[in-house]
Amino acid sequence: MAALPSLRQLSYLVTLSETLHFTEAARRSFVTQSTLSGGIMELERLLGGVLVERDRQNVRLTPLGEQVVARARVLLADAQDLMRLSREMSEPLTGDLHLGIIPTIAPFILTQLLDEVHRQLPKIQLHLHEAQSEKIVEKLEHGNLDMIVLALPFETRGLKTAEIAKEELVLVYNKADQQCVRAQSLDDLEMSRLMLLEEGHCLRDHVLSACPIGERKNDHRLKASSLPTLIEMVSSNLGYTLLPKIALQKHIVQYHPNIEVKQIHDAPTRTVALVTRKSTPLHNEFDVLANILQKITA
């Protein structure tokens, strides 16, 4: 049988692909630079091709290197799941659990989530990671996260998904905005005054899926980096926005008496979901977390 690449060699290559710097990749891998370089050179010898192009100024992956990195990420994630499977069989519902949550959900569930996890999973050490949807899906696929909470529709690329709650987005506007006061549907609103989150937030995409704003690449409307900033912009009567009900249940607008909220016809919806890899051994933890999330988002 031909010699096979080791997981360590593959991890060196993946880390180098993330840093494109041998010294930094070696530091993150807790080895010397010569050890990391030697591991990658041996990997190239085993695979029979150049994976990394090097010169004094730049490090870049070859096309073969990019393909190997993509497959290596899957193998490394599966290897981590294999290690977790052994622990799960001997000591279920124990140890570390890394959970990713998107910013338009995290602030509104964390207190209840932490309380319920502490009560129902006392031997689990929960580690929370907040990031936008694309980033936490990527980290989940790479094995850096065990599970994630995000809002659908979003491409989950064949991952295991449990739908938690479906929620309609509601109109949030300044009381002085007479057009919004009279509006009963999206058709009654001036789309140029719709304010959104910045690119990368899935809530932005959920709103745009239902709002005919024309050519998106030329969209120059006001944008915010977070929900609190968006609320401040509405409070200043710069325009209106659409927000998920979960944000309103936690009184995100309570300090702005000049803001009004109402349901409108044909409003877009989103679905809160818990997602993990199909290879995960943490099936019990997944089911318990799904039940907790259903309870606190009801």
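Modeller: Let's begin with labels: helices are DSSP runs of at least four residues, numbered from the N terminus. By that count, Asn284 is found in helix H11, which covers residues 283-297. Keep in mind that this is a predicted model.

Biologist: Is Asn284 buried, partly exposed or exposed?

Modeller: Buried means under 20% relative accessible area and exposed means over 50%, with partly exposed in between. Asn284 has 41% relative accessibility, so it counts as partly exposed.

Biologist: Okay, let's zoom out. How many helices and strands does the protein have?

Modeller: There are 11 helices and 11 strands. The C-alpha atoms fill a box of roughly 75 × 50 × 30 Å along the principal axes. Of the 298 residues, 49% are buried. And if you take the contacts with a separation of 6 or more, 74% of them link residues 24 or more positions apart.

Biologist: Now for helix pairs. What do I look at when two of them pack?

Modeller: Two packed helices are described by the angle between their axes and the distance between those axes.

Biologist: Which residues make the contact between H1 and H2?

Modeller: On the H1 side you have Tyr12, Thr15, Leu16, Glu18 and Thr19, and on the H2 side Phe22, Glu24, Ala25, Arg28 and Ser29. Sorted by class, the contact of H1 with H2 has four nonpolar, three polar and three charged residues.

Biologist: Could we follow one of those? What does Thr15 touch, leaving aside its neighbours within four places in sequence?

Modeller: Thr15 is in contact with Ala25, Arg28 and Ser29. Thr15 sits in helix H1, and its side chain reaches the backbone oxygen of Ser11 at 2.9 Å. With a relative accessible area of 14%, Thr15 is buried.

Biologist: And how do H1 and helix H3 cross?

Modeller: The axes of H1 and H3 (residues 33-47) come within 9 Å and cross at roughly 110°. H1 and H3 are therefore roughly perpendicular to each other. H1 brings Gln9, Leu10, Tyr12, Leu13 and Leu16 to the contact, while H3 brings Thr35, Leu36, Gly39, Ile40, Glu42, Leu43 and Leu46. In the contact of H1 with H3, eight residues are nonpolar, three polar and one charged.

Biologist: Where is Asn237, and what is its phi?

Modeller: Asn237 is in the loop between helix H9 (227-235) and strand E9 (241-244). Its phi is positive, about 60°, although Asn237 is not a glycine. Asn237 is partly exposed, at 33% relative accessible area. Asp266 also has a positive phi, near 50°. You'll find Asp266 in the loop between strand E10 (259-262) and strand E11 (269-276), and at 44% relative accessibility Asp266 counts as partly exposed.

Technical notes:
Residues are numbered from 1 along each chain as its sequence is written. This is a predicted model: local features need pLDDT of at least 70, side-chain atom pairs count only at pLDDT 80 or more; totals for chains, interfaces and linings use all residues. Side-chain values use heavy atoms; hydrogens and water are left out. Contact means heavy atoms within 4.5 Å. Helices (H or I, at least four residues) and strands (E, at least two) are DSSP runs, numbered from the N terminus. Ala, Val, Leu, Ile, Met, Phe, Trp, Tyr, Cys and Pro count as nonpolar, Asp, Glu, Lys and Arg as charged, and the others, Gly among them, as polar. Axes are lines fitted to C-alpha atoms, for helices over the stretch in contact, and angles run from 0 to 180 degrees between N-to-C directions. Angles under 35 degrees count as roughly parallel, over 145 as roughly antiparallel, 65 to 115 as roughly perpendicular and the rest as oblique. Buried means under 20% relative accessible area, exposed over 50%, partly exposed in between (1.4 Å probe, protein chains only). A polar contact is a pair of N or O atoms within 3.5 Å; within protein, one must be able to donate a hydrogen and the other to accept it, and residues adjacent in sequence count only if both atoms are side-chain atoms.
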